[in-house]
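User: I am new to this structure and would like to know the grounds for the terms used about it. Please take the terms one by one.

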Amino acid sequence: AIEAAFLAERRPITHGEAVAHGIMVESFISNQKGMLDEAALEDICDFLNVIFGQIELPKAEILIQIMYQDKKNRGNKILMALIAKIGQVKWDVEVSEKEINQSLAHYHSL
């Protein structure tokens, strides 16, 4: 969603940059769902921030709209691959708009 939103705004970023920033956002959701401990969340965000820094992400409403269009979703549910622990992913986890908004707020607080 991040990569698509930047493309639509005509300020493209690389696929790797989009993935890195998405991982920071998804890590917070993983933490809030009790899947990823606080230390791992901090390690992931600190590491990726050193390499990629912070960027001003598109508005949450735009990202969420794009997320609803993802081919991996079922029905009207946003499904994500979330981090169970560093190096381990859990697929097709339902995520609410509220969780996405909270994770974007966390990202901007880093």
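User: What makes Asp 92 count as partly exposed?

Analyst: This is a predicted model, and its values are computed from the atoms. Asp 92 has a relative accessibility of 40%. Buried means under 20% and exposed means over 50%. The value for Asp 92 falls in between, so Asp 92 counts as partly exposed. Its place is in strand S2, residues 88–95.

User: What is noted about the phi of Asp 92?

Analyst: Phi of Asp 92 is near 55°, which is a positive value in a residue other than glycine. Most residues other than glycine have a negative phi. Arg 10 is also noted for a positive phi, near 60°, and is a residue other than glycine.

User: Why is Arg 10 called exposed?

Analyst: The relative accessibility of Arg 10 is 77%. The term exposed requires over 50%, so Arg 10 qualifies. Arg 10 lies in the loop between helix H1 (2–8) and helix H2 (15–32).

User: Why is Asn 73 called buried?

Analyst: Asn 73 has a relative accessible area of 13%. The limit for buried is under 20%, and therefore Asn 73 is buried. Asn 73 is found in a loop, the one between helix H4 (60–68) and strand S1 (78–85).

User: What does the side chain of Asn 73 reach?

Analyst: The side chain of Asn 73 reaches the backbone oxygen of Met 67 at 2.7 Å. It also reaches the backbone oxygen of Tyr 68, at 3.4 Å. A polar contact needs a pair of N or O atoms within 3.5 Å, so both distances meet that limit.

User: Which residues is Asn 73 in contact with, leaving aside its neighbours within four places in sequence?

Analyst: They are Met 67, Tyr 68, Ile 78 and Leu 79. The C-alpha atoms of Asn 73 and Val 93 are separated by 9.8 Å, and the two residues are 20 apart along the chain.

User: How do you know that Leu 79 is buried?

Analyst: Leu 79 has a relative accessible area of 10%. Leu 79 is found in strand S1. Leaving aside neighbours within four places in sequence, Leu 79 is in contact with Lys 72, Asn 73, Arg 74, Asp 92, Val 93 and Glu 94. Leu 79 and Lys 33 are 46 residues apart in sequence, and their C-alpha atoms are 14 Å apart in space.

User: Where is Lys 77, and what makes it count as partly exposed?

Analyst: Lys 77 is placed in the loop between H4 and S1. Its relative accessibility is 43%. The C-alpha atoms of Lys 77 and Met 67 are separated by 9.4 Å, with the residues ten apart along the chain.

User: Which backbone atom does the side chain of Glu 99 reach?

Analyst: The side chain of Glu 99 reaches the backbone nitrogen of Ser 96, at 2.8 Å. With a limit of 3.5 Å for a polar contact, this distance is within it. The place of Glu 99 is in helix H5, residues 97–109. Apart from neighbours within four places in sequence, Glu 99 is in contact with Ile 29, Lys 33 and Glu 94.

User: In what order do the elements of the protein chain run?

Analyst: From the N terminus on, the order is α-α-α-α-β-β-α. That gives five helices and two strands.

User: Why is the protein chain called as compact as a globular protein of its length?

Analyst: Its radius of gyration is 13 Å, and the globule rule gives 13 Å for 110 residues. The two values are close, so the chain is as compact as a globular protein of that length. The C-alpha atoms fill a box of roughly 35 × 35 × 20 Å along the principal axes. Buried residues make up 37% of the 110 residues. Among contacts between residues at least 6 apart in sequence, 65% join residues at least 24 apart.

User: How many side chains are positive and how many are negative?

Analyst: The protein chain has 11 positive and 16 negative side chains. The centres of the two sets lie 7 Å apart.

Definitions and conventions. Residues are numbered from 1 along each chain as its sequence is written. This is a predicted model: local features need pLDDT of at least 70, side-chain atom pairs count only at pLDDT 80 or more; totals for chains, interfaces and linings use all residues. Side-chain values use heavy atoms; hydrogens and water are left out. Helices (H or I, at least four residues) and strands (E, at least two) are DSSP runs, numbered from the N terminus. Buried means under 20% relative accessible area, exposed over 50%, partly exposed in between (1.4 Å probe, protein chains only). A polar contact is a pair of N or O atoms within 3.5 Å; within protein, one must be able to donate a hydrogen and the other to accept it, and residues adjacent in sequence count only if both atoms are side-chain atoms. Contact means heavy atoms within 4.5 Å. The radius of gyration is taken over C-alpha atoms; the globule rule is 2.2 Å times the number of residues to the power 0.38. Lys and Arg count as positive and Asp and Glu as negative; His and the chain ends are not counted. The place of a charge is taken as NZ of Lys, CZ of Arg, CG of Asp or CD of Glu.
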